[in-house]
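Here's a quick walk through the model, meant to be read with the structure open beside you. We'll start with strand pairing and end at the ligand.

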Amino acid sequence: MTQEQQSRSASTRETSGAEIVFDHVTKSYPGQKSPAVKDLSFSIPAGELVAFVGPSGCGKTTSLKMINRLVEPTSGEIRINGEDVTKKNPTQLRRDIGYVIQGGGLIPHMSVADNIALVPKLKKWKSDKIAQRTDELLDMVGLDPAIYRDRFPRELSGGQQQRVGVARGLAADPPVVLMDEPFGAVDPITRTHLQDAASQHPVGTEENYCVRYPRYR
Ligand SMILES: Nc1ncnc2c1ncn2[C@@H]1O[C@H](COP(=O)(O)OP(=O)(O)OP(=O)(O)O)[C@@H](O)[C@H]1O
Ligand SMILES: [Mg+2]
């Protein structure tokens, strides 16, 4: 067994999170003089929480989007549990990666509950399990399910929409969660509450860009 295979089997035995490896990754957007991300290499063990911190325009969002293939690397390789993401079907890949963007990115014509249930439905969870999970997540992000479950995104404040976005990113217990400024639109008290809830759950707790590799029960 190679060293890589050993670490892979160790990580699947101890946690259902996922190891992420960047191997000399460069991204040059067409028409740009210098690359947005240049020769980036790192390795994050399964179950770890990592935040990318850096000045505006340094390539944090680009790096996140390359993990779920919203952006393709120009060169280099990104591997999740040893598998090159560019070899995977993007739709399937994204069902296993929670993604939280600034502002929530909710689907406007769907209720809060339906937004949260998006991926669990694609994964064909039973409806009672989805309902239970939705309420649990709404509680976790500090929104009373009885009040907010059936509302539409336009009936929520910006911070509430963002919290529903966090709930949606975690809904199907994905082994990887990417968070791009998940708490930017909430006030400091709510942010602290969310960070506490998140760390128990656990969720990305930094206000900046988080890549979360949770240990699931
Ligand atoms: N679609 C695109 N086409 C061309 N250039 C882009 C594109 N997206 C991002 N860039 C450029 O790539 C660089 C990195 O952008 P990116 O969005 O990754 O930065 P960031 O670190 O997330 O910044 P911020 O903290 O402001 O969100 C920037 O110079 C940006 O202008
Ligand atoms: Mg960004």
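In which sense do strand β1 and strand β4 pair, and over how many bridges? The pairing is antiparallel, over five bridges, with β1 running through residues 20-27 and β4 through residues 75-80. Keep in mind that this is a predicted model.

Now for another pair of strands. β6 and β7 pair in the parallel sense over four bridges, and Gly 98 has Val 177 as its bridge partner in β7. Strand β6 (residues 97-100) is covered on both faces: Ile 97 and Tyr 99 are buried on one side, Gly 98 and Val 100 on the other.

Here are the two pairings next to each other:

| Strands | Sense | Bridges |
|---|---|---|
| β1 (residues 20-27) and β4 (residues 75-80) | antiparallel | five bridges |
| β6 and β7 (residues 176-179) | parallel | four bridges |

What about the ligand? The residues around ligand 1 include Tyr 29, Gln 32 and Ala 36, along with Gly 57, Cys 58, Gly 59, Lys 60 and Thr 61. By class, the shell around ligand 1 has three nonpolar, seven polar and one charged residues.

How values were computed
Residues are numbered from 1 along each chain as its sequence is written. Chains are lettered from A and ligands numbered from 1 in the order in which they are written. This is a predicted model: local features need pLDDT of at least 70, side-chain atom pairs count only at pLDDT 80 or more; totals for chains, interfaces and linings use all residues. A residue is near a molecule or strand if its C-beta atom, placed from the backbone, lies within 6 Å of it. Ala, Val, Leu, Ile, Met, Phe, Trp, Tyr, Cys and Pro count as nonpolar, Asp, Glu, Lys and Arg as charged, and the others, Gly among them, as polar. Two strands pair if DSSP finds at least two bridges between them. Helices (H or I, at least four residues) and strands (E, at least two) are DSSP runs, numbered from the N terminus. A residue is buried if 20 or more other C-beta atoms lie within 10 Å of its own, exposed if 12 or fewer, and partly exposed in between; C-beta atoms are placed from the backbone.
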